[in-house]
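Please brief me on the aromatic contacts, the strand pairing and the nonpolar surface of this model.

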Amino acid sequence: MFDVLIIGGGAAGMQCALVVGSANKTAYAKDKKIGIVMHQKASHLQSALFNNVLGIAPGTTGMDILNEGKKQLATLYPHVSQIHSEKVVSITGNAGNFTVTTNKSSYQSKLVVIALGYTDMFDIEGLKQYMEPHALSPAEKNRIQLKNTNHIVTDGIYVAGTLAGWRSQFAIAAGSGAQVGTDILTLWNDGKHTKVHDKIPT
């Protein structure tokens, strides 16, 4: 049983995993089981070139981010389980007891974060009733989002990144993933608003 299972290994999904994973030294998160299904084949990062993102060297490619992000997550937070080469096909159940079924296996999780792209190829059974046209994309592109309020689709299911209705801009998608990550940490911290970051030792 995962405490949270993140679906999507792009900017929003990996940023969410990094934030949640980095809280392992806190009392409220130290024993939490965290997983991420590394959907990346359809990530818009695959064709991206970054010149206008704070902190990322100009000329960095989206593929660099995808590859280095996986390494960063594995090196710094190895307790976050990375699930590769699997595609989620359905989500059933309720908050506290979801079944996430892939093309190869199935997993139980108390919370689920959906951080996939916003294309109309979205095809996860159990979530299709929440699909709607993307509010910030041209209608002719047929982009979609999952209906949500402050990233919450329904009790126990969060959405992050472009699928949450945000624009396809790296910093925006990553920020959305970070927001969902801190929302989950706040939930685990008995509703006390929290964030997690490191500081230079003094």
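The notes below cover ring contacts, strand pairing and a surface patch.

This is a predicted model, in which local features need pLDDT of at least 70, side-chain atom pairs count only at pLDDT 80 or more, and totals for chains, interfaces and linings use all residues. Residues are numbered from 1 along each chain as its sequence is written, and side-chain values use heavy atoms, with hydrogens and water left out.

**Ring contacts**

- The structure holds 2 aromatic pairs, a pair being rings of Phe, Tyr and Trp (its six-membered ring) with centres within 6.5 Å, where planes under 30 degrees apart count as stacked, over 60 as edge-to-face and the rest as tilted.
- One of them joins F2 and Y107, a tilted pair with 6.2 Å from centre to centre and 55° between the planes.
- This pair links distant parts of the chain, since F2 belongs to strand β1 (residues 2–7) and Y107 to strand β8 (residues 106–114), 105 residues apart.
- Strands (E, at least two residues) and helices (H or I, at least four) are DSSP runs, numbered from the N terminus.
- F2 is buried, at 7% relative accessible area, and Y107 is also buried, at 16%; buried means under 20%, exposed over 50% and partly exposed in between (1.4 Å probe, protein chains only).
- K33 lies over the face of F2, 4.9 Å from the ring centre; the criterion is NZ of Lys or CZ of Arg within 6 Å of the ring centre and within 35 degrees of the ring normal.

**Strand pairing**

- Two strands pair if DSSP finds at least two bridges between them.
- β1 and β8 run parallel and are joined by 5 bridges, with I7 partnered by I114 in β8.
- β8 also pairs in the parallel sense with strand β12 (residues 157–159) over 3 bridges, where I114 stands opposite V159.
- β7 and β8 run antiparallel with 4 bridges, T99 standing opposite Q108 in β8, and they form a hairpin with 3 residues between them.
- Strand β6 (residues 88–94) pairs with strand β7 (residues 97–102) in the antiparallel sense over 6 bridges, and V88 stands opposite T102.
- The β6 and β7 hairpin has 2 residues between the strands, and G96 takes a positive phi near 95° there.

**Nonpolar surface**

- L136, W166 and I172 make a nonpolar surface patch of about 260 Å².
- Patch residues have over 30% relative accessible area and no salt bridge, with like charges joined within 9 Å and nonpolar side chains (Val, Leu, Ile, Met, Phe, Trp, Tyr) within 5 Å.
- I172 is found in helix α3 (residues 170–188) and counts as partly exposed at 34% relative accessibility.

Key
Areas by Shrake-Rupley, 256 points an atom, 1.4 Å probe, with all protein chains shown as cover. Salt bridge = Lys/Arg side-chain N within 4 Å of Asp/Glu carboxyl O.
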